[in-house]
Amino acid sequence: MLTDDRRRGIVAAVRRRGSVPVADLAQSFAASEATIRRDLEQLAADGQVRRVRGGACDPRGDAHPEPDPRRFEQVARDAVGPKREMAQRAAAQVADGDVIALDIGTTVAAMCPFLLGRSITVVTSSLAVVRGLAGARDVELVVLGGILRPTYGSLVGPLTESALRQIRVDRAFLGTSGIRADGTVLDTTPSEVPIKRGLLDIATVSCLLADHEKLPGTGYLEVAPLARFDQLVTDRAPSARELDLPPDSDLEVLTP
């Protein structure tokens, strides 16, 4: 493959996924890791990617996180009943003494009322979760720093990603904008993708919350394959057409 073609492909991969490790790029483009590093250095100098340890990420939105077409409060009002039931089902997996991480999604934030009175530690970058649990006497809140996305009330960026790497949790609860039939978990916000991947990396057990409208839902950025998750909480069991799980899949599907 010609150098220019490879570099264009690298930029496309970084923009599609939000961030990509050197090893993944080397495998995708059948090149050595040393070659990929040289490519990334040049692309970073041209401003097309941002170089980070072990790979590269999309530089767009770092200083000014991207706005959302709808505010958090507007999204939270949609399908309140199913979201509440899913949130209650997810919260039932939490035991006293657990250290858990809560993502920024509206369904994840709906877990807060069901966690009140529990003796747990909660790690989050969601201001909605902070507001929901700030008055809970037995909940220890760990708030990840970062750049504020005002429309969605979340914290993102290198500070958030760095803080995540210093933490380990028993369970992480994540939201998504869509899940393809092949199990690709998607998102629409470049600055949120590294946070979601970081949550997966620090969790012993990972749980994805997604109602039936998220199958397939929307999104163009790949967060991770569904195989990275241990549990899927949804409002109804997906059909084989909606989600084609392999026969040996260990994914536990939980419904209200």
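In these legends, buried means under 20% relative accessible area, exposed means over 50%, and partly exposed is in between (1.4 Å probe, protein chains only). The model is predicted: local features need pLDDT of at least 70, side-chain atom pairs count only at pLDDT 80 or more, and totals for chains, interfaces and linings use all residues. Residues are numbered from 1 along each chain as its sequence is written, and side-chain values use heavy atoms, with hydrogens and water left out.

**View 1. K196 forms salt bridges with D103 and D187.**
A salt bridge is a side-chain nitrogen of Lys or Arg within 4 Å of a carboxyl oxygen of Asp or Glu. Side chains of opposite charge can pair when their charged atoms come close. D187 counts as buried, because its relative accessibility is 7%. The N-to-O distance between D187 and K196 is 3.9 Å. For K196 and D103, the N-to-O distance is 2.4 Å. This second pair links distant parts of the chain, 93 residues apart: K196 is in helix α9 (residues 193–202), and D103 is in the loop between β4 (99–102) and α6 (106–109). Helices (H or I, at least four residues) and strands (E, at least two) are DSSP runs, numbered from the N terminus. K196 is buried, with a relative accessible area of 3%. D103 counts as buried too, at 1% relative accessibility.

**View 2. A salt bridge joins E33 and R37.**
The closest N and O atoms of E33 and R37 are 3.2 Å apart. Both residues belong to helix α3 (residues 33–45), where they are 4 residues apart, about one turn of the helix. E33 is partly exposed, since its relative accessible area is 35%. R37 counts as partly exposed at 38% relative accessibility. In the structure there are 12 salt bridges.

**View 3. Three strands form an open sheet in the order β1-β3-β2.**
Strands of a sheet pair through backbone hydrogen bonds, either parallel or antiparallel. Two strands pair if DSSP finds at least two bridges between them. In this sheet, the pairing is antiparallel. The edges are held by β1 (19–21) and β2 (50–52); each has a single partner strand, so one side of each is left without a neighbour in the sheet. On average, neighbouring strands of this sheet are turned by 25 degrees against each other, direction ignored. β1 pairs with strand β3 (residues 55–57) over 3 bridges, in the antiparallel sense. P21 has G55 in β3 as its bridge partner. Helix α1 (residues 3–17) packs on the sheet and touches β1 and β3; the direction of α1 makes about 120 degrees with that of β1. Such axes are lines fitted to C-alpha atoms, for helices over the stretch in contact, and angles run from 0 to 180 degrees between N-to-C directions.

**View 4. Strand β4 pairs with β5 and with β9.**
With strand β5 (residues 120–124), β4 pairs in the parallel sense over 4 bridges. In this pair, V99 stands opposite T121 in β5. With strand β9 (residues 169–174), β4 pairs in the parallel sense over 3 bridges. Here I100 stands opposite R171 in β9.

**View 5. T234 lies in the loop between β14 (231–233) and β15 (252–254).**
T234 is buried, with a relative accessible area of 0%. Its side chain makes a polar contact with the side chain of D235, at 3.3 Å. A polar contact is a pair of N or O atoms within 3.5 Å; within protein, one must be able to donate a hydrogen and the other to accept it, and residues adjacent in sequence count only if both atoms are side-chain atoms. Contact means heavy atoms within 4.5 Å. Not counting residues up to four places away in sequence, T234 touches M86, A210, D211, H212, V253, L254, T255 and P256.

**View 6. C112 is in no disulfide.**
A disulfide is a pair of cysteine sulfur atoms within 2.5 Å. By this rule, the structure has 0 disulfides. The cysteine sulfur nearest to that of C112 belongs to C207 and is 15 Å away. C112 counts as buried at 3% relative accessibility. C207 is also buried, with a relative accessible area of 1%.
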